[in-house]
Amino acid sequence: MLGKLTWDAIPFDQPIPLAAGAVVALAVLAVLIYITVKGWVPYLWREWITSVDHKRIGVMYVALAILMLMRGFIDAVMMRTQQAVAFRSNGYLPPEHFNQIFSAHGTIMIFFGAMPFMIGLMNFVVPLQLGVRDVAFPTLNSVSFWLTASGALLVNLSLVVGEFSRTGWLPFPPLSEMTYSPGVGVDYYCWALQISGVGTVLTGVNFVTTILKIRAPGMTYMRMPIFCWTALAANLLIVAAFPVLTATLAMLLLDRYLGFHFFTNTGGGNMMMFMNLIWAWGHPEVYILILPAFGVFSCVVPTFSGKPVFGYRSMVMATMAICLIAFMVWLHHFFTMGAGGDVNAIFGTMSAIIAVPTGVKIFNWLFTMYGGRVRFTVPMIWSVAFMITFTVGGLTGVLLAVPPADFMLHNSMFLVAHFHNVIVGGTVFGALAGMTYWFPKAFGFRLHEGWGRWSAYFTIAGFYVVFMPLYVVGLEGMTRRLQHYDVGAWRPWMMVSVFGVLLALVGIVLEIVTIYVSIRDRESLRDEVGDPWDGRTLEWSTASPPPEYNFAVLPHVDHEEYYWRIKQAAARSETLPEEPHYVDIEMPRNSATGFVAAFFATVMGFALIWHIWWMVGVAFVGAYATFVAFAWRDHEEHVIPAETVARNDHARRAARAKALKAYSPR
Amino acid sequence: MSDARQILETAPGDEADVEHEFGGGVMGYTVGLGLAALLTATAFVLPALNLVWPPSLPIALGVLAIAQMGVHVVFFLHVTTGPDNVNNVLALAFGALIVFLIIGGSVWIMHAMNANMMNPAMHM
């Protein structure tokens, strides 16, 4: 009846996951009871859960990402403390638990922390910057989000029901095959990623279509802000790379469920093909994570330097070059596999070459700052920290791209330090810069500057103190994923590293304090005008938070930096542009399709993991019925009357007119 | 409703009628279906009927497969050389390049590895 699922699946004998699971379950239950008692459920259902508004979906993506980043950080704390105490002893985490922790840390941070954060920012910002009302397929967007959330739910469920994968963040066979991983851990991993992977591909399709097909009149490619370019490149990579991941995991699942021999060491299988395919996805993936962050910095740096971005065209070229070369470097993840000198030389060279367009970008940001009137706000602090940190990480990456050096450093702590240096220093700093930068646009008030500043300082310092020692122990020969060790020379560095975790923890607590204080003091942090940073791109031309339809009248973009120009013109003439003629606006209706489909997808994933075949069938029929119901609906849009649009826009114009008097044109 | 309004004020995702484009409309799909079916049938008939020199069969099947892809691209995916088709052509080129890189790269890598990692005894 319930397949492999029995009471043994609950880890009653392991206090740490059980206690953690109980706390989380109680917290979730408490939140659910609280919002039910407060009567917020109808509001949440109507305005958020069923929303197809790209801004709401973007905010939900970021909220999910922040939650998952914290979950991943707890794993990180456990790993660092384990390695700090596990010197000539077993520490406090038994090996099978430690292995689950580093696997869950990587999986959650990449797939459910960094990815949703970047996709969330793209969701919120891209349509606003393109000057349009929504993405190309709004309901599909909601489906994407809820499928991602479904995958995140399954991964976290493995904490208390069953176990998680012990193979590392990528399930390398033969370890991940049935012979060596007979439990449900790898199945949790695979199904969670298959479900969220569908969501990610749909996001890619949606955004490529949006950016190529739906832009404001006059918004030619060369007038798009850099963030839209990097979003386009990242989504092209998603569309091209994620099917490879899905196919690879599907083959692994066939091996595990139906006794196939794609990657086994018997029956003619070849596990090296898994390495090859997973990295053919895996390397583009790191550029999917970093390109949107590059876009964030390309918005933040010009805004706070008071100058247009330096070398716009070279920026676009660099972005698209990265997009292409990203598919030519994947072998550098397995130089040591034995493909030989010729292959290694080519892929090593390509890996060094891809640093060139990235270097172009770094110089462009530096030259954007040069001669500008730089304001060191919180997003700018993250950006400067990024430029330094990412350069260090990039240089160690170029070092690792040299095959002979890689043979010494493969799978060492040096590698761990390198990829955290680029992912934390690039993607996470970019995410936090972007969140601080666009927070006022999303919620109508800024984040508190002082607290945010201290949060940034502590997080940045924490990052360096954690990871610089890992470079050292890596060079001294420490490999990654050690549950315990007995080399005395490593010990002091591990102690320094765990102190860095403490600093980063302070940074995260301060970030939470920042959000709390900002919400409490929101009246004094209010953004009345909709342009709190003196921004240059179209999202700052509308109100904060923007109305559902984004723009009362779609802008007619007739120049690069269109918004900056009309703002300067308005400031010089001290009059706003002429009042436009308002008309009715059609917007897509909200739809529960995404939420319901993802509910069934979660049930189906759970049933597949535990071999509960009847439940798989029921859930599949349910998901398909949801799709049919959506496809047959005949009432798709609702109309916002011109009077409402005019009323909202008059309020915006009044605030702008007032602000115009205080604004000095450049 | 004026033309300008129609362009500007439609909901996201709405698009203009595409009946006029080459390979569009019911006629286009019918022709495409016919061609695709014909090519599929040929691929089955050729080996069965002994019409061509047997060693050339794989090449003939390859040609038919490529022609099949061409039919799908033109009649079902509507990738043509029309002026409003730059995006589609670029997308197709990008896709083809990625497929080439991943498949070509994989074949090369796996071949090199098999050559290098072979048990020396098996070379004899």
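Just after helix α14 of chain A, A:G444 takes a positive phi of about 85°. The model is a predicted one, in which local features need pLDDT of at least 70 and side-chain atom pairs count only at pLDDT 80 or more, while totals for chains, interfaces and linings use all residues. Residues are numbered from 1 along each chain as its sequence is written, and chains are lettered from A, with ligands numbered from 1, in the order in which they are written. Helices (DSSP runs of H or I, at least four residues) and strands (runs of E, at least two) are numbered from the N terminus.

Helix α14 of chain A, which spans residues 413-443, bends by about 40° at A:Y437, and the proline A:P440 follows within four residues. The bend at a residue is here the angle between axes fitted to the seven residues ending there and the seven starting there. Of the 31 residues of α14(A), 27 are buried, so this helix is largely enclosed by the rest of the structure; a residue is buried if 20 or more other C-beta atoms, placed from the backbone, lie within 10 Å of its own, exposed if 12 or fewer do, and partly exposed in between.

With 14 C-beta neighbours inside 10 Å, A:N411 counts as partly exposed. A positive phi of about 55° also occurs at A:E574, again not a glycine, which is found in the loop between α17 and β1 (585-588) of chain A. A:E574 is exposed, having 11 other C-beta atoms within 10 Å. Most residues other than glycine have a negative phi, and most peptide bonds are trans.

Cis peptide bonds are described next. One runs from A:P173 to A:P174, with omega near 0°, and A:P174 is placed in the loop between α5 (138-157) and α6 (185-213) of chain A. Another joins A:S544 and A:P545, with omega of about -15°, and A:P545 belongs to the loop between α16 (491-520) and α17 (562-573) of chain A.

Helix α11 (residues 355-369) and helix α12 (residues 378-400) of chain A pack at an angle of about 160°, with their axes 11 Å apart; axes are lines fitted to C-alpha atoms, for helices over the stretch in contact, and angles run from 0 to 180 degrees between N-to-C directions. The two helices are therefore roughly antiparallel to each other, a term that applies to angles over 145 degrees. In this packing, A:A355, A:T358, A:I362 and A:W365 of α11(A) meet A:M387, A:T391, A:G394, A:G397 and A:V398 of α12(A), where contact requires C-beta atoms, placed from the backbone, to lie within 7 Å. The residues of this contact divide into 5 nonpolar, 4 polar and no charged; Ala, Val, Leu, Ile, Met, Phe, Trp, Tyr, Cys and Pro count as nonpolar, Asp, Glu, Lys and Arg as charged, and the others, Gly among them, as polar.

Chain B contains 5 helices and 0 strands, and of its 124 residues 8% count as buried. The contact between the chains takes 33 residues from chain A and 20 residues from chain B. On the side of chain A that touches chain B, α7 (226-258), α8 (271-305), α10 (341-353) and β1 each supply at least two residues, and the residues of that side divide into 25 nonpolar, 3 polar and 5 charged.

Methods: Angles under 35 degrees count as roughly parallel, over 145 as roughly antiparallel, 65 to 115 as roughly perpendicular and the rest as oblique. Two residues are in contact if their C-beta atoms, placed from the backbone, lie within 7 Å.
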